[in-house]
Amino acid sequence: MEWGRIIDFNWTLLITLLQFAVLLVLLRFILWKPTLQYLDKRRELIAARMTAAKTSEEKASELVGKREAELAAAKKESAQILEEARQRGEKSVADAKARAREEADRILADARTQVEHEREHVLADLKAQYAEMVVLGTERVLSREVRIEDHRKLLDQLLAEIDEVALHGVKDDS
Amino acid sequence: MLQEAQAAAGGISGADLIQVAKYLAAGLCMGIGAFGPGLGIGNAVAHALDGIARQPESRPALFSTMIIGCAFVETTAIYALLISIVLLFVV
Amino acid sequence: MREELGRLIEHLGQKEIATWHIGGFAMRVDPKTIVLSAIASLIVVLLALFLRRGLRQAIEDKPSRTQAALDFVMDQLQSQLLSNFGSSEFGRRMFPFIATLFLFILASNWLSLLPGLEAPTTNPNVTLGLALMILVLVHFFLIRTKGLRGYRKEFFSPWWLSPITILSEVVARPLSHGFRLFGNVFAEMVLVTIVMAKLEPFAVPIALRVIFGIGFGLIQAFVFSILAVAYINLATEKH
C-alpha cells in the first residue's frame with residue numbers, strides 16, 4: 001500500500017463503473033421492471049374505473065334527463081287539458097250567452113211586432129172611428145145626414161191627412 | 001543585502017519559494033475563481049425566486065431549471081478548484 | 001484520538017493505492033473506494049428489495065405502508081428526473097438508468113454519514129468514471145439521432161471551430177461534470193475532517209457533517225443526474 005496523490009487516475013475508475021453496470025442490471029430486474037409494470041397496470045385500472053364511473057354517471061344523468069323530459073311532457077299535457085277545458089267552458093258560456101241573447105232578441109222582436117200590430121190595429125180602428133166621428137160632427141154642424149158615399153173624396157183626403165199625422169205626428173209633436 | 005535577508009530568514013531556498021508561490025497561487029485561484037460563480041449563482045437564484053414569487057405554481061419547472069443553470073455557472077468554480085488542486089498537489 | 005486525526009490530516013484526501021497483479025498485469029487500484037462503492041450499491045439493492053415488498057399486494061387492495069413508500073419514491077423520481085426530458089416516451093425508456101444513477105450517487109454521498117465510512121465519491125475515479133459513461137452515452141445518442149454524417153458535421157462543420165467544439169464538448173464537459181460532484185463531496189470531507197481535528201467539542205463537526213452530508217449530498221446527486229438528463233436530451237434533440 002502506498003499513498004497516492006489526490007487526483008490519481010487508476011483502474012478504480014473501470015472497476016467502479018463495472019460495479020455500477022452490475023447495479024444497473026440488478027435494479028432493472030429487482031425494482032424498475034416490476035414496479036413500472038405494476039404502476040402501468042394500476043394506472044390502467046384507475047383509468048378503467050374512471051371510465052366505468054363516467055359511463056355510470058352518464059347513464060344516471062341520462063335517466064334523470066329522461067325522467068325530467070317525461071315530467072315536462074306530463075306537465076305540458078295537463079296544461080293542455082286544462083287549457084282545453086277552459087276553452088270548452090268559455091265556449092259553452094259564450095254559447096249560452098249567445099243563445100240567451102238570441103232568445104231575448106227574438107222575444108223583443110216578437111214583442112215589437114206585436115206592438116206594431118196592435119198599433120196598426122189601433123190606428124185602423126182610429127181611422128174608421130175618425131171617419132164616423134167626422135161624419136157625426138159634420139151632421140151635427142150641418143144638422144143633416146151626410147152620406148159617406150157623397151163625400152167620399154173629401155173624406156179620403158182627410159183620412160190621408162190623418163194618416164200623415166199618425167205617421168209623422170210623433171215627430172211633429174216632439 | 002540579499003544575503004542579509006537570507007540569513008535573517010534562516011536560509012530560504014528556491015524550492016521553498018516555489019512552495020510559497022504554489023500556496024499563494026492556489027489560494028488566489030480559488031478566491032478569484034469562486035467570485036464570479038458566486039455572483040452568477042446569486043443572480044440566478046434571485047431571478048428564480050422572483051419568478052416563483054410571481055407564479056408559485058411554476059415552482060417545480062423553475063427549480064430544476066435553476067439547478068441546471070447553477071450547475072453550469074458553477075463550472076468555472078470547479079475549474080478553479082481543479083487548478084488549485086493541481087497547483088497544490090501535482091505541480 | 002488526536003494522533004489518529006493528525007494522521008488523517010497528514011494524508012488528507014489521499015487514497016491508499018494497492019497494486020494488484022492479475023495475469024501478470026499490474027493494476028493500481030484503490031481497494032477502499034471499491035469496497036465503499038460496493039457498500040453503496042448494496043444499500044441501493046437493499047432499498048430496492050424493501051420497496052419491492054410494496055408490490056406483493058394485489059392492485060385492487062388499499063395501499064399498504066411499503067406500497068405508499070414505493071409510490072412516494074417512484075413519484076418523486078419520476079416527477080423530478082423525467083420532467084426535463086423532451087419526449088415522455090424517451091424519458092420512460094431512460095428512467096431506470098437515470099434513477100439508478102441518482103440512487104447510487106445519493107447512497108454514495110450519504111455513506112459519509114455512517115461512522116468510519118467515507119463517501120466513495122471523494123475519489124475522482126468514481127465521479128469521472130460516471131461522467132465518462134455519460135459522455136459515451138451522449139455520443140452514442142448523437143450518432144443514433146443524427147447519423148454519422150450529422151455527427152461529423154456537429155464537430156467539424158466550420159473546421160476552424162472544431163478544436164474549440166471538441167475541447168468543450170468532449171474534454172471539458174465530462175471534466176466539469178465529474179469534478180463538480182467530486183469537488184463538492186471532497187470539499188465537504190476536507191472541511192469536516194479539519195474541523196473535527198482542530199475543534200474540541202464534537203457536536204459542531206457532527207452537526208456540520210449531518211447538514212453537509214444530507215443536504216449537499218442530495219443536491220449534488222440531483223445535479224449530477226439532472227445534468228446527465230440535460231446532456232442526453234441535447235444529444236437526442238432533432239433540429
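Biologist: Let's start with Thr122(C), which sits in the loop between α4 (88-110) and α5 (124-156) of chain C. What makes α4 a helix here?

Modeller: Helices (H or I, at least four residues) and strands (E, at least two) are DSSP runs, numbered from the N terminus. This is a predicted model, where local features need pLDDT of at least 70 and side-chain atom pairs count only at pLDDT 80 or more, while totals for chains, interfaces and linings use all residues. Residues are numbered from 1 along each chain as its sequence is written, and chains are lettered from A and ligands numbered from 1 in the order in which they are written.

Biologist: Thanks! Why is Thr122(C) called buried?

Modeller: A residue is buried if 20 or more other C-beta atoms, placed from the backbone, lie within 10 Å of its own, exposed if 12 or fewer, and partly exposed in between. Thr122(C) has 26 within 10 Å, so it counts as buried.

Biologist: Which residues is Thr122(C) in contact with, leaving aside its neighbours within four places in sequence?

Modeller: They are Val185(C), Phe186(C) and Met189(C). Contact is a matter of C-beta atoms, placed from the backbone, that lie within 7 Å.

Biologist: Which residues of α3(B) meet α7(C)?

Modeller: Ser64(B), Ile67(B), Ile68(B) and Ala71(B) do, and their partners in α7(C) include Phe222(C) and Ala230(C).

Biologist: And how do you know that β1 (residues 16-21) and β2 (residues 26-29) of chain C pair?

Modeller: Two strands pair if DSSP finds at least two bridges between them. Here 4 bridges join the antiparallel strands, and Ala18(C) has Val29(C) as its bridge partner. Together β1(C) and β2(C) form a hairpin with 4 residues between them. In the turn, Gly23(C) has a positive phi of about 60°.

Biologist: What makes β1(C) a partner for chain A too?

Modeller: Strand β1 (residues 2-3) of chain A pairs with β1(C) in the antiparallel sense over 2 bridges. Glu2(A) stands opposite Ile17(C).

Notes:
Contact = placed C-beta atoms within 7 Å.
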